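Hello,

Here is the structure we talked about, for your files. My notes on its salt bridges follow below.

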Amino acid sequence: MAAAASEKKTETEVAAKAKANELGQIPVIMYHRIIKNPPPGDDRTPEQFRAELERLAKEDYVPITAAEYVTGKIGIPAGKHPVVLTFDDSSPSQLTLDGMGNPKPDTAVGILMDVAKKHPGFRPVATFYVIRDLFGMAKPEEQTQVLEWLKDHGFDIGNHTRDHLNLLGKPEKEVEEQIGAGQKLVTSLIKFSPVTLALPYGNQPHDKKWAMKGSGAGASYDFRGVFLAGYTPAPSPYTKDFDPVGIPRIRSKEKVGDCVKFCSTAWLDWLNANATDRFTSDGNASTVAFPKFKAPFVAAPYATRALPY
């Protein structure tokens with residue numbers, strides 16, 4: 001009993017020293033293509049992508065996957081902040097392997113791995129929401145190669161439906177067919193079943209629950225989280241505010257147009273200026289640490305892991 005009390009005291013002291021707030025907000029950043037001359041929209045240049053990753057590393061963010069986020073498995077060092085990097089539409093600009101099975105240096109994965117080498121502790125992980133155009137690979141063998149590479153290197157694979165159809169207003173059967181086909185797209189190639197879905201265009205179906213659980217195209221799905229397309233940081237999975245059926249993401253963009261307030265540069269500025277609202281780890285994946293006065297916001301499933309200080 002005394003040993004347990006002493007251990008908890010030590011954990012509490014560590015959490016307090018780190019100013020841990022594991023009920024704070026987490027940026028989930030949404031990327032599309034990483035190309036040299038992007039048209040107006042959501043694509044980014046390699047230089048812009050690298051600069052954003054460098055900023056995240058310098059501001060003590062550590063990448064986690066969407067799967068780790070929705071399941072509450074956030075194991076990062078004390079004082080660090082989680083960030084979820086997500087990529088939609090499985091573009092060749094995100095990952096193309098050379099003849100030796102290495103990511104080409106100007107792809108998103110190549111850049112991410114290079115930044116991680118320069119910043120020890122900055123995990124080179126991300127979640128890729130794939131559609132039928134699997135990184136430009138036409139042959140099943142090539143598709144298997146790239147998906148296996150992602151899985152073997154700690155990356156996460158998510159469902160983005162097969163055909164990237166807008167699910168808004170579609171009947172339940174069509175919604176389930178698209179999502180089921182997206183699930184089968186992955187499971188037919190490798191031994192991996194996506195646990196999260198990113199809705200095409202961020203649009204939810206008539207009944208939000210259709211996106212969470214169902215079956216179609218010969219495959220069933222039961223996700224732990226469904227992601228939207230904007231506009232705010234996401235709540236901690238340990239809070240009552242966490243809604244697995246509609247998790248917000250942030251578009252990667254500088255402060256222009258509506259992005260003056262609602263995209264990655266603006267929100268990272270805001271989180272930096274409002275550090276007490278940001279998720280800060282206590283370094284212990286088995287506890288959920290936070291200042292005592294935030295206790296009313298702890299979600300019931302995590303109450304036994306709570307470590308108020």
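Asp-43 is buried, with a relative accessible area of 10% (buried means under 20% relative accessible area, exposed over 50%, partly exposed in between, with a 1.4 Å probe and protein chains only). Its salt-bridge partner is Arg-33, with the closest N and O atoms 2.7 Å apart (a salt bridge is a side-chain nitrogen of Lys or Arg within 4 Å of a carboxyl oxygen of Asp or Glu). Arg-33 is partly exposed, at 36%.

This is a predicted model: local features need pLDDT of at least 70 and side-chain atom pairs pLDDT 80 or more, while totals for chains, interfaces and linings use all residues. Residues are numbered from 1 along each chain as its sequence is written, and side-chain values use heavy atoms, without hydrogens and water.

A search of the whole structure gives 16 salt bridges. In one of them, Glu-254 pairs with Arg-44, again with the closest N and O atoms 2.7 Å apart. These two residues are 210 residues apart in the chain. Arg-44 is buried at 5%, whereas Glu-254 is partly exposed at 29%.

Arg-55 and Asp-269 also form a salt bridge, 2.6 Å from N to O. Arg-55 lies in helix H2 and Asp-269 in helix H9 (residues 264–273), so the pair ties together parts 214 residues apart in sequence (helices, H or I, of at least four residues, are DSSP runs numbered from the N terminus). Asp-269 is partly exposed, at 28%.

Regards
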